[in-house]
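The sequence and coordinates come first, and the notes follow by topic.

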Amino acid sequence: MKLFSSVNDVKDVPALVAEALRLKNDPFAFEHLGKNKTLSLVFLNPSLRTRMSTQKAGANLGMNVIVLNIDKEGWALELRDGVVMNGTTVEHIREAAGVMGEYSDIIGVRSFPGLTDRDEDYSETIFNKFVEFCKVPVVSLESATRHPLQSLADLVTIEEMKTVSRPKVVLTWAPHIKPLPQAVPNSFAEWMCRADVDFTIAHPAGYELCTDFTNGATITNNQDEAIKDADFIYVKNWSAYEPYGAITVGNEDWMLTNEKLKIAPNAMVMHCLPVRRDLELSSEVLDGPQSLVIHEAGNRVWAAQAVLKQMLEKL
Ligand code: AN0
Ligand code: CP
């Protein structure tokens with residue numbers, strides 16, 4: 001694997017999930033694979049899980065790992081082409097990514113969307129520039145439109161915890177006070193549409209996701225109907241795709257509570273985190289027996305390690 005930016009970069013999804021679960025059982029089995037290899041993790045935005053789990057995954061494979069919080073610690077980056085750099089930016093992404101490639105065997109990049117220009121975000125301008133100019137294999141640490149390491153960890157968690165062969169998985173929109181990217185729900189949807197699950201998306205009218213990611217899903221505006229008898233309920237807020245980045249008030253009753261979970265008594269509740277308690281998801285659910293959120297975050301290590309292993313094997 002030379003690029004991990006979406007489910008479409010993966011030839012055999014079940015094999016990658018199985019690889020992650022094998023690594024979970026035996027984390028250091030391939031600690032020689034990454035000897036003398038450098039993994040650079042470049043963050044243009046904040047992170048807790050992605051940063052720590054991917055750093056640990058690289059270390060488990062014997063890699064040297066460099067973390068650069070370029071938004072805070074690097075030179076101010078110019079991302080546009082064809083501009084005279086007489087403003088506040090100090091270094092162009094062409095040189096910055098090119099130089100990082102000189103120091104790295106694999107690079108991970110986190111580049112959130114601006115949520116103002118949909119065409120620019122959905123063409124993945126920043127992420128693709130890194131891929132073009134660094135010239136080494138690249139892993140997405142969440143780009144403008146996708147978060148594939150999260151989705152792989154989510155699928156690993158579902159495979160690990162399911163009690164029926166084809167579980168019912170429901171992605172449900174949740175309230176928030178800020179406009180958040182569509183990357184996590186887009187990505188979760190495209191991975192679930194490739195997996196052997198019965199997949200439903202529930203959201204209030206106006207929060208339709210881009211159909212490129214939801215082909216094969218059942219989509220409804222009725223949350224109760226969607227979550228009835230679910231095996232997994234995946235909670236996430238996102239802003240509108242159309243009008244792009246918009247949020248509306250008045251959907252506070254979409255927050256998942258124990259009362260709502262009565263219609264899905266066997267459901268396990270997932271969230272990628274970070275989560276705003278009692279706004280997005282009730283604390284009674286987060287602290288209750290049906291919550292999988294910490295376990296799910298733990299699986300981020302094995303997802304990242306499976307991807308890095310496949311990349312190292314192709315270097
Ligand atoms: C980000 C998002 O929704 O894409 C990162 C989630 C992993 N969340 C926030 O900005 C709160
Ligand atoms: N779920 C996730 O990617 O978390 P971070 O933003 O903390 O990395």
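**Backbone, domains and pocket**

Glu 124 sits in the loop between helix H5 (118-122) and helix H6 (125-134); helices (H or I, at least four residues) and strands (E, at least two) are DSSP runs numbered from the N terminus. The model is predicted: local features need pLDDT of at least 70, side-chain atom pairs count only at pLDDT 80 or more, and totals for chains, interfaces and linings use all residues. Residues are numbered from 1 along each chain as its sequence is written, chains are lettered from A and ligands numbered from 1 in the order in which they are written, and side-chain values use heavy atoms, with hydrogens and water left out.

- Glu 124 has a positive phi, near 55 degrees, and is a residue other than glycine.
- With a relative accessible area of 10%, Glu 124 is buried; buried means under 20% relative accessible area, exposed over 50%, and partly exposed in between (1.4 Å probe, protein chains only).
- Asn 36, also not a glycine, has a positive phi of about 65 degrees.
- Asn 36 belongs to the loop between helix H1 (13-25) and strand E2 (38-43), and its relative accessible area of 68% makes it exposed.

**Cis peptide bonds**

- The bond from Glu 242 to Pro 243 is cis, with omega near -5 degrees.
- Pro 243 is in the loop between strand E11 (232-236) and helix H10 (258-261).
- Leu 273 and Pro 274 are also joined by a cis peptide bond, with omega about 5 degrees.
- Pro 274 is in the loop between strand E12 (268-270) and helix H11 (283-286).

**Domains**

- The protein divides into domain 1 (3-146 + 300-313) and domain 2 (150-297); the bounds come from an automatic or database domain assignment.
- To the contact between them, domain 1 gives 29 residues and domain 2 gives 31 residues, where contact means heavy atoms within 4.5 Å.
- The C-alpha centres of domain 1 and domain 2 are 25 Å apart.

**Largest pocket**

- The largest pocket holds about 420 Å³ of space.
- Its lining has 23 residues, and the closest to the pocket centre are Arg 110, Phe 112, Glu 142, Leu 273 and Pro 274.
- On a 1 Å grid over the protein atoms alone, a pocket is an open set of points where a 1.4 Å probe fits, with protein on both sides within 12 Å along at least five of seven lines; lining residues have an atom within 4 Å of a point.
- Grid points are joined across faces, edges and corners, and the volume is the space filled by probe spheres set on the points.
- Both domain 1 and domain 2 give residues to the lining, so the largest pocket lies between them.
- Helix H2 (49-60) and helix H8 (183-194) each supply at least two lining residues.
- The lining comprises 10 nonpolar, six polar and seven charged residues; Ala, Val, Leu, Ile, Met, Phe, Trp, Tyr, Cys and Pro count as nonpolar, Asp, Glu, Lys and Arg as charged, and the others, Gly among them, as polar.

**His 176**

- His 176 is in the loop between strand E8 (168-173) and H8, and counts as buried at 16% relative accessibility.
- Its side chain makes a polar contact with the side chain of Arg 276 at 3.5 Å; such a contact is a pair of N or O atoms within 3.5 Å, and within protein one must be able to donate a hydrogen and the other to accept it, with residues adjacent in sequence counting only if both atoms are side-chain atoms.
- The His 176 side chain also reaches the backbone nitrogen of Lys 178 at 3.1 Å.
- Neighbours within four places in sequence aside, His 176 contacts Asn 237, Arg 276, Leu 279 and Glu 280.

**Other buried residues**

- Val 184 is in helix H8 and is buried, with a relative accessible area of 6%.
- Beyond four places in sequence, Val 184 is in contact with Glu 142, His 147, Tyr 234, Lys 236 and Cys 272.
- Phe 213, in the loop between E9 and strand E10 (218-220), counts as buried at 4% relative accessibility.
- Phe 213 and Pro 185 are 28 residues apart in sequence and 8.8 Å apart in space, C-alpha to C-alpha.
- Thr 200 is in strand E9 (residues 198-202) and counts as buried at 7% relative accessibility.
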